[in-house]
Amino acid sequence: MTPPIRITLKDVAARAKLSVAAVSMALRDDASLPAVTISRVKKIATTLGYTPDPAMSALAAHRMRLRVRRDFSVVALISNWSRRDEWLRRESAKQLIAGAMERARTLGYTLQHFWAREGRLTPKRLSEVLVARGIRGVILAPFELPTDLFELAWKDFAVVTIERPVHYTHFHHIVPNYFADMVLAWEQLRARGYRRVGLVIDGALAERVAHQWEAAHAFEQSRAKAERVPTLIVDPTGRISAIRAWLRDHRPDAVVSRSEEVLDAAAAQGLRVPRDLGYISLNVIDDAAGVSGILQHRDVMGATAVDILNSLLHRNHRGPNETSQGTEIDGSWREGRTLKQAPSTLVRAAT
């Protein structure tokens with residue numbers, strides 16, 4: 001049987017009346033070509049039945065890696081908080097940066113932090129600075145508020161975001177798996193016999209995680225047929241007094257949260273942790289020392305952001321995606337001192 005004839009780039013180029021190099025650039029969405037040319041070439045390639053040769057694609061990817069390393073060796077990690085070091089001081093940020101730097105080094109890049117408000121830079125001016133330095137890859141640090149606006153010249157950059165900003169959902173985002181993390185927390189609670197479990201969460205944080213913690217908590221309450229404790233959404237003012245009143249009125253036997261104020265409020269209420277009240281943190285990295293809860297693998301998030309950005313640079317992709325895309329990183333359990341002792345079967349399963 002005669003094998004089918006493979007359509008090549010040369011065939012597409014002949015039909016399009018362009019060079020092979022131009023056709024290759026069009027199929028990679030090269031920003032230097034007009035959009036109408038890219039669209040025409042892709043339509044011709046589809047009509048002819050062109051598919052890339054896997055061996056040639058691998059060779060091209062290798063060559064592209066060499067070129068990217070040489071021409072675009074710096075990746076910008078941009079934070080846009082009101083104070084320069086506000087985000088950088090967080091332990092989760094330090095771990096994320098460490099993971100990103102290590103992966104960047106492995107791939108031949110240098111990771112450089114830029115504070116977007118340095119010297120009162122405007123986003124337009126920052127875009128010009130990055131382009132002038134040959135920087136084409138950008139990782140956006142979590143915004144101070146998820147609803148913040150920050151308008152770089154997106155068409156000039158491949159972009160990955162840490163977490164999922166409300167107004168920039170069409171950049172590839174790297175986020176913790178908030179829903180799965182809450183499910184894991186409840187597995188620990190059920191195994192230790194807790195029945196009246198409450199959730200305390202900051203309002204801005206609830207919005208940042210797209211209310212997935214609340215949704216997973218409500219699901220688990222229903223599934224476990226547990227006694228219902230109303231979720232407490234707290235605002236920046238009067239947190240401890242609000243939490244104290246909630247503890248007094250609803251008497252939970254365990255609290256899931258990401259707020260050191262829960263421990264302070266419990267102490268002020270005369271409750272001893274874990275004897276009188278269990279506590280699970282949804283992010284032990286940024287919480288009080290020794291708490292039991294979810295370890296968000298921020299180092300893995302940083303490394304994954306660099307991996308995705310590397311892929312975007314290889315494909316010469318700039319600006320937002322047509323559809324919202326993201327990668328979730330599951331957390332794992334970290335045993336601390338704020339819950340009743342785990343059953344031996346649970347300890348064995350976790351080791």
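Predicted model: local features only at pLDDT ≥ 70, side-chain atom pairs only at ≥ 80, totals over all residues.
Me: How many residues are in the largest nonpolar core?
Reply: That core has 26 residues. L77, W87, L111, I139, I162, I174 and L309 are those with the most contacts inside it.

Me: What does L111 touch?
Reply: Leaving out residues up to four places away in sequence, L111 touches V75, L77, I97, A100, M101, A104 and I139.

Me: And what lies apart from that core?
Reply: Another core, of 24 residues. Its members include V175, L184, L189 and L339.

Me: Switching to the open sheet of six strands, what's the order?
Reply: Going across, β7-β6-β8-β9-β10-β12, and the pairing is mixed.

Me: Why is one side of β7 and of β12 left without a neighbour in the sheet?
Reply: β7 (232-234) and β12 (332-334) are at the edges with a single partner strand each, so one side of each has no neighbour there.

Me: How are neighbouring strands turned against each other?
Reply: By 20° on average, with direction ignored.

Me: What joins β10 to β12?
Reply: Three bridges, and the two strands run antiparallel; β10 covers residues 292-295. G293 sits opposite R334 in β12.

Me: Ok, which helix packs on the sheet?
Reply: α7, residues 178-191. Helix α7 touches β6 (197-202), β8 (254-257), β9 (278-281), β10 and β12.

Me: What angle does its direction make with that of β12?
Reply: About 45°.

Terms used:
Residues numbered from 1 in each chain as written. Heavy atoms only, no water. Core = buried A, V, L, I, M, F, W, Y, C linked by side-chain atoms within 4.5 Å. Buried < 20%, exposed > 50% of the residue type's maximum accessible area, 1.4 Å probe, protein only. Contact = heavy atoms within 4.5 Å. Pairing = 2+ DSSP bridges. Helix = DSSP H or I, 4+ residues; strand = E, 2+ residues; numbered from the N terminus. Axes fitted to C-alpha atoms, helices over the stretch in contact; angles between N-to-C directions.
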